[in-house]
Amino acid sequence: MTTRCLICDSSVVLSQEEAQAIALLIGLLDGFLKGIQGESSATPGGAVANPLGHTVSRMIKGISGAVSNWADTQAFIREHRKFHFMGYDRLCLRCGALFDDSPNVESPLDG
Ligand SMILES: [Zn+2]
């Protein structure tokens with residue numbers, strides 16, 4: 001069942017959980033990219049002696065960067081929940097309406 005906006009009837013409605021998942025993904029990706037960014041991939045000769053080892057090393061640095069970025073990601077999620085959702089469950093991306101899930105209300109189309 002698609003949740004629709006109570007104001008404009010748009011189906012482009014984001015839940016807090018979906019927004020949290022997106023923010024978490026962005027935060028982890030940001031940390032991963034910061035982690036691998038520190039190391040240069042090219043040597044002066046243009047070739048890497050051990051490509052597999054080099055790739056694994058970069059991945060480990062990326063994962064380490066994602067882990068070290070965890071606190072910032074959690075703070076970002078808390079701020080996003082507080083300032084964008086302001087305690088409500090859903091945010092309409094079309095009109096900006098905030099509203100809660102109301103499981104006891106049935107749509108006339110459902111019955
Ligand atoms: Zn709306």
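In which hand, left or right, does H1 pass H2? The crossing of H1 over H2 is right-handed. Before I go further, please keep in mind that this is a predicted model.

Let me give the outline of the chain. The chain has three helices and three strands. Going along the sequence, their pattern is β-α-α-α-β-β. Of the 111 residues in the chain, 10% are buried. If you take the contacts between residues at least 6 apart in sequence, 73% of them join residues at least 24 apart.

Now back to the helices. Two packed helices are described by the angle between their axes and the distance between the axes. Helix H1 covers residues 16-37 and helix H2 covers residues 51-68. The two pack at an angle of about 135°, and their axes are 6 Å apart. That angle makes H1 oblique to H2, because oblique takes in the angles left over once roughly parallel, roughly perpendicular and roughly antiparallel, which is over 145 degrees, are set aside.

Which residues make this contact? On the H1 side they are Leu28, Gly31, Phe32, Lys34, Gly35 and Ile36. On the H2 side they meet Arg58, Lys61, Gly62, Ile63, Ser64, Gly65, Ala66 and Ser68.

H1 also packs against H3, at an angle of about 145° and with the axes 9 Å apart. Here again H1 passes in a right-handed crossing. H1 brings Gln16, Ala19, Gln20, Ala23, Leu24, Gly27 and Leu28 to this contact. H3 brings Asp72, Thr73, Phe76, Ile77, His80, Arg81 and Phe85. You can find Leu28 in the H1 list for H2 and in the H1 list for H3.

A word on the length of H3, residues 70-85. With 16 residues at 1.5 Å a residue, H3 should span 22 Å, and its end C-alpha atoms are 21 Å apart, so the two values agree.

What follows H3? Met86 does, and its phi is positive, near 45°. Most residues other than glycine have a negative phi. Met86 is a residue other than glycine with a positive value. Met86 sits in the loop between H3 and S2. It counts as exposed because it has 9 C-beta neighbours inside 10 Å, and the cut-off for exposed is 12 or fewer.

There is another case of this kind. Asp9 has a phi near 65°, also a positive value in a residue other than glycine. Asp9 lies in the segment before S1. With 10 C-beta neighbours inside 10 Å, Asp9 counts as exposed.

On to the sheet. The three strands form an open sheet in the order S1-S2-S3, with antiparallel pairing. S1 pairs with S2, residues 90-92, over three bridges in the antiparallel sense. Val13 is placed opposite Cys92 in S2.

Let us look at one residue of S1. Leu14 belongs to this strand, residues 13-15. Is Leu14 buried, exposed or partly exposed? Leu14 has 16 C-beta neighbours inside 10 Å, so it counts as partly exposed. Setting aside neighbours within four places in sequence, Leu14 is in contact with Ala19, Arg90, Leu91 and Leu93. Take Arg90 from that list: Leu14 and Arg90 are 76 residues apart in sequence, but their C-alpha atoms are 5.6 Å apart in space.

Thr3 is in the segment before S1. Thr3 touches Val13 and Arg90, leaving out residues up to four places away in sequence. Thr3 and Val13 are ten residues apart along the chain, with 6.7 Å between their C-alpha atoms. Thr3 is partly exposed, because it has 16 C-beta neighbours inside 10 Å.

Gly96 has 11 C-beta neighbours inside 10 Å and so counts as exposed. From Gly96 to Phe85 it is eleven residues in sequence and 9.8 Å in space, C-alpha to C-alpha. Phe85 has come up already, in the contact between H1 and H3.

That is the end of my tour.

Technical notes: Residues numbered from 1 in each chain as written. Predicted model: local features only at pLDDT ≥ 70, side-chain atom pairs only at ≥ 80, totals over all residues. Helix = DSSP H or I, 4+ residues; strand = E, 2+ residues; numbered from the N terminus. Buried ≥ 20, exposed ≤ 12 C-beta atoms within 10 Å, placed from the backbone. Contact = placed C-beta atoms within 7 Å. Expected span 1.5 Å × (residues − 1). Pairing = 2+ DSSP bridges. Axes fitted to C-alpha atoms, helices over the stretch in contact; angles between N-to-C directions. Parallel < 35°, antiparallel > 145°, perpendicular 65-115°, else oblique. Left-handed = near helix turned anticlockwise from the far one by under 90°.
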